[in-house]
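Let's take a friendly tour of a protein model. Have the sequence and the 3D view ready, and follow along topic by topic.

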Amino acid sequence: MAILITRPQPNGEALCQLLNQHGFATLYAPLFSIEKGSELNQLPTLLQNLPSGAFVFAVSKNAVSYANQVLSNIGLHWRPDLHYFSVGRRSAEYFTALSENPVYYPHPDENSEGLLALPLMQHLNNKKVLVLRGNGGRELFRQQAEARGASVEVVECYQRIPKEYDNIQQISVWKRAGISTIVVTSQEILRYLVEFVPKNDHNWLTQCHLITISPRITRLAKEYGWQHISQTVRADNAAILDTLLSLKNELN
C-alpha cells in the first residue's frame with residue numbers, strides 16, 4: 001500500500017514520518033502551503049477590545065499557532081477572563097498549552113456542529129465572539145452564532161496558498177510510485193486534487209482508496225465518484241494512522 005499524503009505542513013510531514021515508522025510507504029505532495037493570514041495583525045487590538053467573558057474560537061492548530069506568534073511578538077498574553085474554544089481535542093490541547101487557559105471542545109463530534117451543541121453555545125444573545133481561522137473557512141458557526149444573537153468577528157490568521165506543480169509530471173510520479181491510497185484532510189484539498197489531475201486520469205484517481213477526516217469530505221468525494229472511502233474518527237494524525245492500520249488488516 002503506497003500512500004499519497006496531501007496534508008499541508010507541518011502536520012503533513014509529521015504524518016509521513018508517523019506512517020513510515022509503522023511500515024507504510026508514503027509520498028508527500030502537499031497541494032497547499034500555509035502562510036500568514038492577511039488580517040493577522042488586527043488580532044491584538046481585537047483581542048484586547050473584547051469584553052470580559054467573550055468567546056474566542058480557534059478552528060485549528062494553524063490558527064492557534066499564527067495567532068499566538070503575533071501576540072508573543074509584541075509581548076501580549078491570552079487573557080484569562082475570556083472563554084476559549086476549539087473543534088478538536090488535539091487543537092484544544094495545543095491551544096491550552098500556548099494560552100495557559102482552559103479550552104472547551106466538543107466530543108465526540110469534533111466539528112462546528114458539535115461546537116454549536118455545547119451548553120455554553122446555547123445562550124449567545126449579545127455575546128461577543130472572535131473566530132480565528134484560515135481563508136475560505138466554513139461559515140456555519142458564524143451564521144448560527146449570529147442567528148442566536150451573537151456579534152461575531154472573524155480574523156484570517158492564516159491562508160492556504162496552492163502550490164505550483166507540473167501536474168502531468170506529478171501524476172506520472174504518483175503512478176510509478178504505485179499510489180493506491182490518498183489522504184485528504186479538507187474539502188479545499190479534495191477540490192484542488194480533482195482539478196489538478198487531468199480528466200483522462202480521473203478514473204485512476206477515483207479508483208484510489210480515499211482517507212477522509214470528516215463527513216463533509218466523504219460526501220464530496222462520493223459526488224466526485226469515489227466508492228472506496230474510509231473516514232477517520234478524528235482529524236489528527238494518530239486517527240489517520242489507526243484508520244490506515246485497520247485498512248491494512250482488512251486487505252491482508
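A salt bridge is a side-chain nitrogen of Lys or Arg within 4 Å of a carboxyl oxygen of Asp or Glu.

**How to read the values**

- Residues are numbered from 1 along each chain as its sequence is written, and side-chain values use heavy atoms, with hydrogens and water left out.
- Because the model is predicted, local features need pLDDT of at least 70 and side-chain atom pairs count only at pLDDT 80 or more, while totals for chains, interfaces and linings use all residues.

**The two domains**

- Domain 1 covers 2-31 + 163-251 and domain 2 covers 35-160; such bounds come from an automatic or database domain assignment.
- Taken over C-alpha atoms, the centres of domain 1 and domain 2 are 28 Å apart.
- Seven residues from domain 1 and seven residues from domain 2 take part in the contact, where contact means heavy atoms within 4.5 Å.
- About 630 Å² is buried between domain 1 and domain 2, and carbon and sulfur atoms give 42% of that area. Buried area is the accessible area (1.4 Å probe) that two parts lose on being put together, summed over both.
- The side of domain 1 that touches domain 2 has two nonpolar, one polar and four charged residues. Here Ala, Val, Leu, Ile, Met, Phe, Trp, Tyr, Cys and Pro count as nonpolar, Asp, Glu, Lys and Arg as charged, and the others, Gly among them, as polar.

**Salt bridges**

- Side chains of opposite charge can pair when their charged atoms come close. The structure holds seven salt bridges.
- One of them joins Arg-79 and Asp-81, at 2.8 Å from N to O. Arg-79 is buried at 13% relative accessibility, whereas Asp-81 is partly exposed at 30%. Buried means under 20% relative accessible area, exposed over 50%, and partly exposed in between (1.4 Å probe, protein chains only).
- Arg-89 and Glu-93 also pair, at 3.1 Å from N to O. They are about one helical turn apart, because four residues separate them in helix α4 (residues 89-99). Helices (H or I, at least four residues) and strands (E, at least two) are DSSP runs, numbered from the N terminus.
- In helix α6 (residues 140-147), Arg-142 and Glu-146 are four residues apart, and their closest N and O atoms are 3.5 Å apart in a salt bridge.

**Backbone details in the loops**

- The peptide bond from Gln-9 to Pro-10 is cis, with omega near -5°, and Pro-10 sits in the loop between β1 (2-5) and α1 (11-21).
- Another cis peptide bond runs from His-107 to Pro-108, with omega near 5°; Pro-108 belongs to the loop between β6 (103-104) and α5 (112-116).
- Glu-100 is not a glycine, yet its phi is positive, near 60°. Glu-100 is exposed, at 72% relative accessible area.
- Asn-126 has a positive phi of about 65° and lies in the loop between α5 and β7 (128-134).
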